Amino acid sequence: MPEILRSGRAIGARMMAHRLFWPLAALGALLVVNLIATPTFFNVRIQDGHLFGSLVDIVRNGAPVLLVAIGMTLVIATRGIDLSVGAVAAIAGAVACVYIVESPADGAAGAAVIAVSMALAVCVALGLWNGFLVAVVGIQPIIATLVLMVAGRGIAMLVTGGQITTVNNDAFAALASGHLLTLPVAALIALGVFAATQIVVRRTALGLLIESVGINPEASRLAGVRSRTIIWTVYVFAALCAGTAGLIIAANTHSVNANSLGLWIELDAILAVVIGGTSLAGGRFSLTGTLVGAMLIATLTRTIPNIGIPAEANYLFKALVVVIVCLLQSPKARAVLQRRREPVPTSRGEVVA
Amino acid sequence: MKKTLISLCALALGGMSLSACGGSEAADDGKITMGFAQVGAESGWRTANTTSIQDSAKEAGIDLKFSDAQQKQENQIKSIRSYIQQKVDVIAFSPVVETGWDAVLQEAKRAKIPVVLTDRAVDTEDTSLYVTFIGSDFVEEGEKAGQWLVDNAEASDVDKDGAINVVELQGTTGSAPAIDRKKGFEDVISSDSTIKITSSQTGDFTRDGGKQVMEAFLQSDPKIDVVYAHNDDMGLGAIEAIKAAGKKPGTDIKIITVDAVKDGMTALAAGEINFIVECSPLLGPQLMDVAEKVVAGEEVPERIVTEETTFTPEQAAEALPDRKY
């Protein structure tokens, strides 16, 4: 059976060469580690009329990072970066919670709807500001968004008066802990945004335009692409995604702490994008890759308490997993691995990669 | 032009004060002047701390000069320097970080202005740089929490299997309250062999962190009897997670926390938390007392522990109406 063996190996090699092979393998490995530590890890049962279990928690708790990372993917594809997403999330949470607390009927669903709309409107304004600095003024994205990253937390603190603001509004809380058809609402929102974005960028020319701006903004402009509008659009979209994530985080604990809400989420989001195979140099991007990256980060976060890594070592553990995944994804490491395992012609690997 | 004018004015003022009393004492009216450099306004706890200091200064008739460092050491150093220039009688501050204070504290020492640390300590070889440190004893807070569990061991064994499984939600890794509250708690519960910490992980002192870690614990360990959270916020997060798992916080799983902020006390009064050890921000009266003694030249102890208590649900319900923070 040497032929079957050979074709089997060829399929294996092609699979390994796929952009998402290693992130998926790492995700699988982490799940197996969890399963060994807790044999009931994959158990999902119905609790009070909704699904309940570790896997459900992972998808729900991964929703904010996924949302931020979706926006970040498009920004990065235009050769930009948005460091302000954590601060934008904090502002969104702050605006919504403070509005609910100060509205006369603070438990009413109507108050929650207005609060959420107001928060998202503020996010659009913040995204316009970022887009203005990058697209019109022409400041480097990392510096332009750094402005809001630093100032944004100050704004959020101003909105909340430096206090942890607690709300008692069931409709607002449902954003994070509610369920629809036994599924967690937070995860549905994130996956809904993911699906909608995927359809818009792949079924229309938008994805192509974003990539062309990322590869060469000047050439795209000369070719008739309105790169300024495109850049403006992605920053507004990123801010909207960040704001939604902020609302979910705030709803998760019925409270907003301007100091800690969404702190360092920009780094998690950038990591998810990079793990997913989108290059920080702009151009080609993969939303599916980002989804895998975000789920990997959420699973990693859950793995730490589940397998009982001591608190002192958890950053080290996280860093190790990330370094291994990134190393395995680098073209050099993949070339070395392929040469060792299978003497397939290298040109083939390059085509697929 | 402007600068010369200002320096001329300063010279003239300086000459006047020299001719007036000929000394460096600012307190010519007998009133004590205190310069206080606050960390910032990052939490309800901190705001309560600020209010307590301002109110008790007014009550004690002390002239308070207050500055907010917005979590930045350089701001705090700047305001301490300006207090030295203004020749206040006593300087008090809550250091943002532990290190890097030697230079500015030396300046204060040279100017013969006593320094009082509040709430947080500084890391320096030379303890003569400050008079005293007023603040909570975090180890003792951990011990109080552990003592309650030892005293209520039987009631806390919720599943009646003879073993009390405790999960711990730690504060920010490496921070003084997290290290000390863990140590104090462990020291006391080691006296009872049935009590054991089965899992321990950091929740970063936040509600979201506490909730996520607790969700993981609930899935991996079905026999949790007690949650020990290093602050109220993580405990409040744990309550959410426990509710989502279909259990009743305070009944099916006992909860012990530290801090006693308003939201925590509300949950305690409602029976969702079982015991809270207070970590009081109201150290204003003690600070003013120390300031008066120091200025009068009396001896004060090097370490003053804030007066703190503990709360059961009944005590919380009683204290809640006048809880300011």
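1. Domain bounds, as used in this note, come from an automatic or database domain assignment. The model itself is a predicted one, and in it chain B is divided into domain 1, made up of 30-136 + 281-308, and domain 2, which covers 138-279.

2. Taken over C-alpha atoms, the centres of domain 1 of chain B and domain 2 of chain B are 33 Å apart. Contact between them involves four residues of domain 1 of chain B and seven residues of domain 2 of chain B; on the domain 1 side, these divide by class into one nonpolar, two polar and one charged.

3. Between the chains, 28 residues of chain B are in contact with 27 residues of chain A. On the chain B side, at least two residues each are supplied by α2 (44-60), β7 (195-202), α8 (207-220) and α9 (232-244), and α8(B) gives the most, with 10 residues. By class, this side of chain B has six nonpolar, 15 polar and seven charged residues.

4. For chain A, an unreviewed UniProt entry places the feature "transmembrane region" at residues 20-38, 58-76, 83-101, 107-129, 141-159, 171-196, 230-251 and 263-282.

5. Two of these spans can be set beside the predicted coordinates. Residues 83-101 of chain A are 89% helix and 0% strand, with 29 Å between the end C-alpha atoms, while residues 141-159 of chain A are 100% helix and 0% strand, with their end C-alpha atoms 26 Å apart.

Note on methods: Residues are numbered from 1 along each chain as its sequence is written. Chains are lettered from A and ligands numbered from 1 in the order in which they are written. This is a predicted model: local features need pLDDT of at least 70, side-chain atom pairs count only at pLDDT 80 or more; totals for chains, interfaces and linings use all residues. Two residues are in contact if their C-beta atoms, placed from the backbone, lie within 7 Å. Ala, Val, Leu, Ile, Met, Phe, Trp, Tyr, Cys and Pro count as nonpolar, Asp, Glu, Lys and Arg as charged, and the others, Gly among them, as polar. Helices (H or I, at least four residues) and strands (E, at least two) are DSSP runs, numbered from the N terminus. UniProt positions are given in the numbering used here, feature names are shortened, and annotations may be inferred rather than shown by experiment.
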